[in-house]
Amino acid sequence: VNPTFTVGAITGTLSVCKAATTALSSVTGGGVWTSSTPTVGTVGTTGVVTGVNTGTTTISYTVTNGSGCVTRVTAVVTVNPLPVVTNASGVYSTCENVNMTLNSNISSGTWSSSNTLVGTINSTTGLFTPVSVGSTIISYTVSSTGCVGTRSITTNAMPSSITGATAICVGGTSTLTSLPSGGTWTSSSVGIATVNVTTGVVTATNVGTTTLSYRRANGCYATSVVTINSTPAVIAGTRTVCVGSTTTLTTTPTGGVWSSSNGSIATVGTSSGLVNGVLNGTATITYTTAAGCTRTTVVTVNALPAAITGAGVACAGGGTTPLTNVSGTWTSSNTGIATVSYLGLVTGVGVGNAVITFRNSNNCATTK
């Protein structure tokens, strides 16, 4: 009978995280290490235990002496789970100005970022705040076990602010731009305004507001609110006027401003719409609302006939006097005093004054 012998106890950290290692040892050399449950934890020839799955396993250290006697010491090693880092969307990239909240399936831990120049994270709430474009590793360390779960977070660049006219009149267009190019455009309300998906050309269809979005392939986007204003109604009123005469134009809504493209041809009252013919020709009259929407019409100013020539006196009772002008129509203001033929021959009928009017084909008149 050989005497028994003593093997030194197993020492080292008896808990390990899944996929991590812990080194065990004994003061007695020459032994063999084994694990009772290799699916939970394995042990190498040097006593290094590797966590495989959550649970416990018994690690044995067996020594056989020169007499063939065997002594074994054991220790229970616990394999702790790694925390899983997630967020609600399951997407782990964000944009420069979009925060993200991360979660863990294990409570009572601490959050940290490997690169705070790319993004920071609140150590207790898991709120990730982007700082600049790039990637950082977010870690969650369980306080009770020291096990760490990680997740790579990428911060993508935002497109530039949208530029272009954001107040448009119904029926009008505006081209919006953002950089870099290659993104897609959308409108939140196509009943108010549509936008070409690639060019950014906005077409206004109805009064109201819509949000235009420009989105890059990385999911980052910029927005701009576009306001669609009403276009004035078609301008009403007579669009021809004689030199020296007036005509009034109208439209709705009221409160806008009238203007003329050529004041030497026709002027217009800025608030009244009263057009005054100055010189024969055409002028474009524009009405502009407070929102900048316009409606136009062309006004033609016709020349007056030449002055009537001939004596301005005829004798009552059949006396005549010829008046002359170019082609047109003759009329008398009082045929009881004087009549006038289509040839301009005035016949005195009674004593008194009558105004003889000559009107040309443009309906402009001169008198005598």
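Two residues are in contact when heavy atoms of theirs lie within 4.5 Å. The structure described here is a predicted model. Its protein chain has 36 strands and 0 helices. The radius of gyration of the protein chain is 49 Å, whereas a compact globule of 368 residues would have one near 21 Å.

**Overall form**

- The C-alpha trace of the protein chain spans about 175 × 30 × 30 Å along its principal axes.
- Of the 368 residues in the protein chain, 35% count as buried.
- The protein chain exposes about 18500 Å², and carbon and sulfur atoms supply 55% of that area.
- Among contacts in the protein chain with a separation of 6 or more, 48% come from residues 24 or more positions apart.

- Strand β3 pairs with β6 (residues 55-64) in the antiparallel sense, over 4 bridges.
- Within β6, Ser60 is the residue that stands opposite Thr34.
- In general, the strands of a sheet pair through backbone hydrogen bonds, either parallel or antiparallel.

- Ser224 belongs to strand β23, which covers residues 221-229.
- The relative accessible area of Ser224 is 14%; the cut-off for buried is under 20%, so Ser224 counts as buried.
- Apart from neighbours within four places in sequence, Ser224 is in contact with Ile162, Thr166, Thr210, Thr211 and Leu212.

**Aromatic pairs**

- The count of aromatic pairs comes to 5.
- One of them joins Trp111 and Tyr140, whose ring centres are 4.6 Å apart; the planes stand at 50 degrees, so this pair is tilted.
- Trp111 lies in strand β12 (residues 109-113) and Tyr140 in strand β15 (residues 134-142), and the pair links parts of the chain 29 residues apart.
- Both of these residues are buried: Trp111 has 5% relative accessibility, and Tyr140 has a relative accessible area of 4%.
- Trp330 and Phe358 form a tilted aromatic pair, with 4.8 Å from centre to centre and 55 degrees between the planes.
- Because Trp330 is in strand β32 (residues 329-332) and Phe358 is in strand β35 (residues 356-359), this pair ties together parts that are 28 residues apart in sequence.
- Trp330 and Phe358 are both buried.

Note on methods:
Residues are numbered from 1 along each chain as its sequence is written. This is a predicted model: local features need pLDDT of at least 70, side-chain atom pairs count only at pLDDT 80 or more; totals for chains, interfaces and linings use all residues. Side-chain values use heavy atoms; hydrogens and water are left out. Helices (H or I, at least four residues) and strands (E, at least two) are DSSP runs, numbered from the N terminus. The radius of gyration is taken over C-alpha atoms; the globule rule is 2.2 Å times the number of residues to the power 0.38. Buried means under 20% relative accessible area, exposed over 50%, partly exposed in between (1.4 Å probe, protein chains only). Accessible areas come from the Shrake-Rupley method with a 1.4 Å probe; for residues, only the protein chains shown count as cover. Two strands pair if DSSP finds at least two bridges between them. Rings of Phe, Tyr and Trp (its six-membered ring) pair if their centres lie within 6.5 Å; planes under 30 degrees apart count as stacked, over 60 as edge-to-face and the rest as tilted.
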